[in-house]
Amino acid sequence: PAEQIWKGVISVSNAGKKRGRGKGSGRITAKDLNRGQVIGYGKANMVWPGLSAPVIRGRELVQQQKLPEDKEREAKLRRIRDEMVNFKRLKLSPLERGWSGSKMPGRSIGPPDAIGEDEFVGFDTKCLELKAVVNMKGNHGRKRRVSAMVVTGNGNGLAGFGFGKAIEGRAALRQAKNRAGQKLMHFDLCNGHTVFHDFHCQFGATKLFVERKPEGFGLKCHRAIRTVCEVLGIKDLRAKCEGSTNVQHVVKAFFIGLLRQKDHQKIAEEKGLHVVEFRPENM
C-alpha cells in the first residue's frame, strides 16, 4: 500500500510523459518512513522486557518501566528522512567543469583506451555533445539511446573526432572516445600556436570564417571550436560562425578548413617561388 501511495505522488502517466511532464521526477524519491525507527523504541520511551531489553539481567527479572521522554527523537527522524530526499548536485572543481556547470559537454574524459601495446600517451579527450535520441521500432516501440560526440588530441597538431551510441551515456562516451582515437589527423601549426592563414569553410548550412591571430590573442570563437583548438594545440584564433550552429556541423566545417589550409612551402611551390624566413637571427 505504501509503495502505491508513493507511486501516485511521484510518478507521471504515459500521457503526461508525452507532453513533457515529469522531467524532474527522477529527483523526487519516496521516503522510507521506517528508516531510523527500531522495533521496541517509540514515542513512549519505555523498557519492554523481551523486546527492547533482556528478560533477565543477571539474576534479576527485568520489569516494564517508563523512562524520561526523548525530546530530540522527532528531530533526529526528520533529519534522517530529509537526507533521503534532498537532491545533491554533482560538485566539480572549476577546472573540471564543462561549458555549463556539471553537464558533460566541454568536460574531459581522459585518453582513449590502449590498442594492444600502443597507448595514447599525452592525449586528452573532451565531450562535445551528449544527448538522448529515440528511434521508433515496429515491434519494440520507442527505443531510447544516448548519442555522444567527442574530440581527442595530443595538444601538438594531432586530433580526431568520433561518435558513439549506446543505452547508457558512459558506454556511448567510451565508444566515441575509442573511435576518435582510431581516426586521428595531423595538422601543421604555424609557429606552434595558430593557423597559417585566414580561411573560409562550410559544412551544410554552417559557415565559418577563421582568422589567424598573433601570439597572446587567445581563442575567440564558438565553444565547440575552442574545445577542438585546446586538444589540437591552437592557442590564438578568431572564428565567426554564421548560419546553423549545430555542434556536429561546426566541428566538421572546422576540420575541413584545417585540412584545406596551405603552409608557406606549399603556396611557394604553387607560385613557383622560394620561401625566405624573416627572423632577427637570419638577418
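This is a predicted model: local features need pLDDT of at least 70, side-chain atom pairs count only at pLDDT 80 or more; totals for chains, interfaces and linings use all residues.
Residues are numbered from 1 along each chain as its sequence is written, and side-chain values use heavy atoms, with hydrogens and water left out.

Gln261 belongs to the loop between α6 (247-260) and α7 (264-271), where helices (H or I, at least four residues) and strands (E, at least two) are DSSP runs numbered from the N terminus. Leaving aside residues up to four places away in sequence, Gln261 touches Asp188, Val195, Phe196, His197 and Phe199, contact here meaning heavy atoms within 4.5 Å.

## Paired strands

Strand β5 (residues 124-137) and strand β6 (residues 141-153) run antiparallel and are joined by 13 bridges; two strands pair if DSSP finds at least two bridges between them. Lys126 stands opposite Val151 in β6, and a hairpin through 3 residues connects β5 to β6.

On to the next strand, β6 pairs with strand β7 (residues 158-166) in the antiparallel sense over 8 bridges, and Val146 has Ala166 in β7 as its bridge partner. The hairpin of β6 and β7 has 4 residues between the strands, and in this hairpin Gly155 takes a positive phi near 75°.

## Aromatic rings

Rings of Phe, Tyr and Trp (its six-membered ring) pair if their centres lie within 6.5 Å, with planes under 30 degrees apart counted as stacked, over 60 as edge-to-face and the rest as tilted. By this rule the count comes to 4 aromatic pairs. One of them is the edge-to-face pair of Phe120 and Phe123, at 5.4 Å centre to centre and 90° between the planes; Phe120 is buried at 15% relative accessibility, and Phe123 is buried at 13%.

Phe161 and Phe163 also form an edge-to-face pair, at 6.0 Å centre to centre and 90° between the planes. Phe161 is buried, with a relative accessible area of 17%, whereas Phe163 is partly exposed at 27%. Ring pairs link Phe161 and Phe163 with Phe187 and Phe255 into a cluster.

Conventions. Buried means under 20% relative accessible area, exposed over 50%, partly exposed in between (1.4 Å probe, protein chains only).
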